[in-house]
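Please find below my comments on the model under review.

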Amino acid sequence: MRYWWVNHKQTHREEIDGGYIWSPKKNANGANNNSYNNMPKTSVGDIVFSFAFAEIRAIGEVVDSCASASKPSEFGSKGDNWNNEGWLVKVKWKMIDIPFRAKDHIAQIRPLLASKYAPIQQNGNGNQSCYLASITDELALLLYSLAGQKNKTKIDVDAEEILRDKQENTIVQQIEQDISLMQTEKEQLIKSRRGQGKYRRNLELLESKCRVTGLDDKRFLVASHSKPWRNSNNLEKLDGYNGFLFSPHIDRLYDRGWISFSDNGELLIIEPHIRNILKAWGVPYPFNIGSFTYQQKIYLAYHREFVFKSTLPQN
């Protein structure tokens, strides 16, 4: 695991909301840039500290390998002088409770800055020529401390968990290669494994109970996907924003497309008789389960269009 410092500058909001960092592959004049060259050096599990408007505002975990990608359309006119061809790294961001100015702590930070390719200057101002910089473990631990993070494993990257993920991946590969199983059986077995692994842990960072029944004993809750597991790419399968913790009977309705939710949290039913089922289970209707994040709404839109409506009679 490595630690990185990213200077978002003008694209801070787009990259935080979108869950990524992006850079051109070359400078505008076609020359190499060390900080752009760092993008492909990132690995899943690496930690990235977000620096914008002179403050450390978020800490993120790299969740997918670096890939070639065009400049994000949401940048608009920002970075008009950048080359369109670039690098994109998916990052799961966590905003810190109290952002802090690096300049206010420069006496502690300065001795830990690299002599070359440092993300900020010796006086605490940002390094305008630097986008992504590698930083030492010592500087990372200091930033954790200043951010109020008591334990770096809070970002879901401790060694024990990484080992568990590797073990799960091995089991999943064995299932995928088992020629005695039908494809549907493989999908169910893999979904079950993932439900007890990293996806569930990512989900539990965001959801603490079943929003419909209120049950908060996680032993009896199902890690449900909004965009079905079989239709998701590798990142989406493990993305905590792609689902909810539901009581088993609510999960079945959601998984089969009998219910869904509007962006403002209103429970939607696909047929009138579902109201009677909900009533038998003690669930009122109409019912609102609360607000969603921007990322959750993206997956919910998919669920409403491709899962919720899939059980409607066809003309």
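1. Strand 3 and strand 4 (residues 55-62) run antiparallel and are joined by six bridges. The model is a predicted one, and the points below should be read accordingly. Within this pairing, S50 has A58 of strand 4 as its bridge partner.

2. The bridge partner of N7 in strand 3 is F51.

3. How many residues of strand 3 (residues 47-52) are buried? Six of the six are, so the strand is largely enclosed by the rest of the structure. Both of its faces are covered: I47, F49 and F51 are buried on one side, and V48, S50 and A52 are buried on the other.

4. Besides its pairing with strand 3, strand 4 pairs with strand 6 (residues 85-101) in the antiparallel sense, over seven bridges. In strand 6, W93 is the bridge partner of G60.

5. Turning to the helices, E14 deserves a comment. This residue lies in helix 1 (residues 12-18). Is E14 buried or exposed? Its relative accessible area is 16%, and E14 therefore counts as buried, the cut-off being under 20%. Leaving aside residues up to four places away in sequence, E14 touches Y20, E74, F75 and K78.

6. In helix 9 (residues 248-255), the buried residues include I250, D251, L253 and Y254. They cover an arc of only 160 degrees around the axis, which means that they lie on the same side of helix 9. An α-helix has 3.6 residues a turn, so residues three or four places apart point the same way.

7. What covers the buried residues of helix 9? The covering elements include three strands, namely strand 8 (222-225), strand 9 (243-246) and strand 10 (259-261). Helix 10 (273-280) and helix 11 (294-307) are also among them. Helix 9 is followed by G257, which has a positive phi near 85 degrees.

How values were computed:
Residues numbered from 1 in each chain as written. Predicted model: local features only at pLDDT ≥ 70, side-chain atom pairs only at ≥ 80, totals over all residues. Heavy atoms only, no water. Helix = DSSP H or I, 4+ residues; strand = E, 2+ residues; numbered from the N terminus. Buried < 20%, exposed > 50% of the residue type's maximum accessible area, 1.4 Å probe, protein only. Contact = heavy atoms within 4.5 Å. Arc of directions from axis to C-beta. Pairing = 2+ DSSP bridges.
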